[in-house]
Amino acid sequence: MAEPEIVAFVCNWCAYAGADYAGVSRIQYPANVRLIRVMCSGRVEPSFMLKAFEDGADGVLVGGCHEADCHYMSGNVKARARVEETRSLLDLLGLGGERLRIKWVNANEGEVFASEIADFTSALKSLGPNPLKAAKPVTRGKPPVLAEIMARTNTNLCVECGKCTASCPVSRRLASFSPRMTVEMSLEKMASEIETGPQLWECLTCRTCEERCPYNVRFSDFIREARVEAQDLGLDGCPTQSGQMYSWMRMMARDGLSQQRTGWADGFKTKARATSKNDIMFFVGCLPHFGLSHRHVGADTLGIATNTLAILNAMGIAPVLLADERCCGHDLLFAGEPEAFEALARRNAEAFKKAGVKRIVTACAEGYQTLAVEYPRVLEDWDVEVMHISGLMAQAVETGNLTFENDLGLKVTYQDPCRLGRYMDEYEAPRAVLGAMPGVELVEMEHHGPDAVCCGVSSWISCGATAKSIQMSRLAEAKATGADVLVTACPKCQIHFSCALSGRVPLERSEVEIPIEDLTSLAVKALGLSLPEPAAKKPSRASKAKPPAKAARKKSAGKAPSKASPGRKGKKPAKTPAAGSKKKTGAKSGSK
Amino acid sequence: MSDSVLVIGGGVCGIQAALDLGDKGLKVKMVEREPSIGGRMALLDKVFPTNDCSICILAPKMITCFNHPNVEVLTCAEVVGVKGKAGDFKVKVRKKARYVDEDKCTGCDACTQACVLAGRIPDEWNQNFGTRGASYIPFMQAVPRVAIIDGEKCLRLTKGKCKSPCLEACLRNAIDFEQEDEVVDLEVGSIIVATGLDMYDPTPVTEYGYGRFANVIHSMEYERLINASGPTGGHITRRSDGERPKRIAYIQCVGARDVRSGHPYCCSVCCMYATKDAMLAYMHHDDTENYIFYTDLRAFGRGFDEYIKRGADEYKINYIRARPGEITEDPVTKNLFVWYDDTEGGGVKSMEVDMVVLSTAFVPPRGIEELAAVLGVELDEYDFFKASDDLLAPMDSCVPGIYIAGACTRPMDVTDAVTQGGGAADRAAQAIAQCGGKPPAKAGAGDRR
């Protein structure tokens, strides 16, 4: 095979110096590594590591100072936590966490550095090349021209009344952002000003303006389409976590991956393919991935997945779970990458077809909207019924198939997710579900239903001061209702609100601090369900990865068999055997 | 072959048509759904562009019409069946029970005061600002000035349990609980439809908080508040605390020029009546600040533009070109914040005001689809009556012998409604003449205008 390529991020003070020391000491080691010097290993974000893999690296090494040696106090410890998290992500992606290593190398440990590279190189040789290496990235198409976008999104009809801008939560905080002015610019054919202007990325695409526009100008869609050209110009919206989410989404859009992402569902009743037309597939989406990337803000999105499974099981449904399901593509679509979105849609549609799936439920408002509306837009022969878990639950409550028995004694308020509410016009189902829970009293926020205010960020774009300000006033609104819990029906809402509360807040904490829970979690409590053991363990393994690195690795080795099990259980899809063996090597690297 | 004309709707347009026909010597049957004729104009305070008192100029016409020897007015009545063709229509009218003998009642108000529910039912004639009893007279200048007993509210009629002090109070024994709905058969030669309009209910425009915020009202409510014969005696007061609003915002095009509400058309009168409303507020108290949020000022008629200019110059009305995005409320003071994008000055601003008046769209009246089906005439895409030719036969429906006039054909102001009423009267008279009926008498002796 071709020689493995390793990208090594090494800190200026120890690891780089160690590599340098190996050099001046004439210590021989394989020439498979490309060094990138950073001031501190703490500078290395998951996005850097993922980007390296996206671009075809076979392995990534992060080199830092020994513990307590960090020149910036704790950068290396942070790096270790990130590496752990990213290894788990690589496992989920089917690339294998063992392709990512972290090594402490002192400035005089040339030998250590050299032997690490030698060891890593030989390990990578036995692993084989990064499967994405051979796969072509998704090719970009021709971006739509302004006139086309305008015709499609009705901006031609604008009478410049300013209702959009006066409704916009961003414009209220950021004077430079004006949907009206942006549309006016389009009417004056100022295409390049729009594409390069900051307003393109500040839009939340929350559709508040569209909801109120008297002439049905579809501003969110206008923005979405205009972002395509901007992407071609190399511009982006300064994505959250420097775009690590986009990296894994883009990887999923390509050939080569063979994921085994259903390990978390062990212990639940699931199946690998539909046996009847009425069988329901649970489209999990990025819930397990966000659980890792946003663990630090305290958002338990994997919990949404396990809760949903528990609810489905309680309804007597053993849903289809696909081990190689791909991201739905929502975020890339809104970030100006329609081709990657379409590639994801096609891969998913093909997998759904293979598994005989005709009905899908999601626990995510964005996934729901994307599958229900955007997929049929780009796929010719799409005939899948898509539901959001709230709709399915509301149906089941109505037919008596789901009865909440536990009295929760809670006052709750509900955040309408943009994609569920304004995009899909689903305001009733979540409220019906809440209404069916004994002891749950729903108190509405001042802005609710079609007037609900967005959680502040969409598609990982423009998470900044404006977003924080929107989140704070929204949380204050929730708090002012006197509710005990803020219920959401979209993992993104949960992530963004949790994030806003995870740091310092500009107001009195008591004015904004409110527990945030997903509708599914409340439902599980009201149903009195207990989650099966292995699934409950998994997230805790992830959270334990933080303290001592070695212990964490051992743990990951320990859980490897359980991860392999879905592969065994599912003799179904063709991808299974390869992935299963990969898991075993994962266990090896963990115990190294 | 009949020489009579049926006029459906007793608003200003229908009244004009009936008077013109009556004066020509033709018999007119006027069918009005409500207990009083007068229509929407009877409830207004003043009318633009002259700022005449609305009821002062309409009431004489209402009374003339009602007492006209050639005009027979059926109130509480609806057309439920039409057969035949021009010159020979057979019409079925359902006359709902009033439970009061119209011939005996003098409108003395004794029964309305005696009613055990007096003051306990929201008064829809006052846009629910005031109250009435189960026995009531719709409004002070109602024609006929005859009481009506609300069959859906009256305790005796609904539950059979009431001592009915009204019976004792009525000195003329006019109250008749045994009265029943009856079907009246009419034979007419032609028909004029002048059923007027409804106002758009702004509740679905949730961002403006109508129904949620006490001090957000719509323009018809404002008309009743500022009307001297209205529930507050002409004092504009806030629903939240009864105080006089010093800063009033008027929001134009609510539900109009709005594809989402299904009314993409311009109502053509709101720019004018909002200006009038603001002028009135200023006339009442000259420290009132008025802000009109408009999309485009469409003051197209003769003297209209000057009217707007007068509003700005003499009445200090502030015209702001913006359609506000939303209204929020101060939970303590119940003042309102109007959020708008100042399209001329620039930037999103919020303005604190004491009251917001929504200038709501004119929409086709409720029941227009059923009536169209009964008449066999067509409706346009917005459910207004459709003319056979918008340009050259604007008052002709698609059925010969049936004519349409007034705001049931499109939003229009009083002047236009009166013009169309007169025009439709001529068309209806012509139809009868063409069918071999009595030729219209020359204007003169019978002319009561």
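## Cysteine links and salt bridges

The sulfur of B:Cys154 lies 6.1 Å from the closest cysteine sulfur, that of B:Cys162, which is too far for a bond. A disulfide is a pair of cysteine sulfur atoms within 2.5 Å. B:Cys154 is buried, at 7% relative accessibility. Buried means under 20% relative accessible area, exposed over 50%, and partly exposed in between (1.4 Å probe, protein chains only).

This is a predicted model, in which local features need pLDDT of at least 70 and side-chain atom pairs count only at pLDDT 80 or more, while totals for chains, interfaces and linings use all residues. Residues are numbered from 1 along each chain as its sequence is written, chains are lettered from A and ligands numbered from 1 in the order in which they are written, and side-chain values use heavy atoms, with hydrogens and water left out.

B:Cys253 is buried, with a relative accessible area of 14%.

Over all chains there are two disulfides. Here they are:

| Pair | S to S distance | Angle about the S-S bond | Hand |
|---|---|---|---|
| A:Cys14 and A:Cys65 | 2.4 Å | 95 degrees | right-handed |
| B:Cys53 and B:Cys56 | 2.3 Å | 75 degrees | right-handed |

A disulfide joins A:Cys14 to A:Cys65. A:Cys14 sits in the loop between β1 (6–11) and α1 (15–24) of chain A, and A:Cys65 in the loop between β3 (59–64) and α3 (75–93) of chain A, so the pair ties together parts 51 residues apart in sequence. Helices (H or I, at least four residues) and strands (E, at least two) are DSSP runs, numbered from the N terminus. Both A:Cys14 and A:Cys65 are buried. In the other pair, B:Cys53 is partly exposed at 23%, and B:Cys56 is partly exposed at 49%.

Now the charged pairs. The structure holds 67 salt bridges over all chains. A salt bridge is a side-chain nitrogen of Lys or Arg within 4 Å of a carboxyl oxygen of Asp or Glu.

One of them pairs B:Asp341 with A:Arg180, with the closest N and O atoms 2.6 Å apart. This pair crosses between chains: B:Asp341 is in strand β20 (residues 336–341) of chain B, and A:Arg180 is in helix α7 (residues 179–187) of chain A. Both B:Asp341 and A:Arg180 are buried.

B:Glu72 and B:Lys29 meet at 3.0 Å, N to O. B:Glu72 is in strand β5 (residues 71–74) and B:Lys29 in strand β2 (residues 27–31) of chain B, 43 residues apart.

A network of salt bridges links A:Lys51, A:Glu54, A:Asp55, A:Arg250 and A:Glu337.
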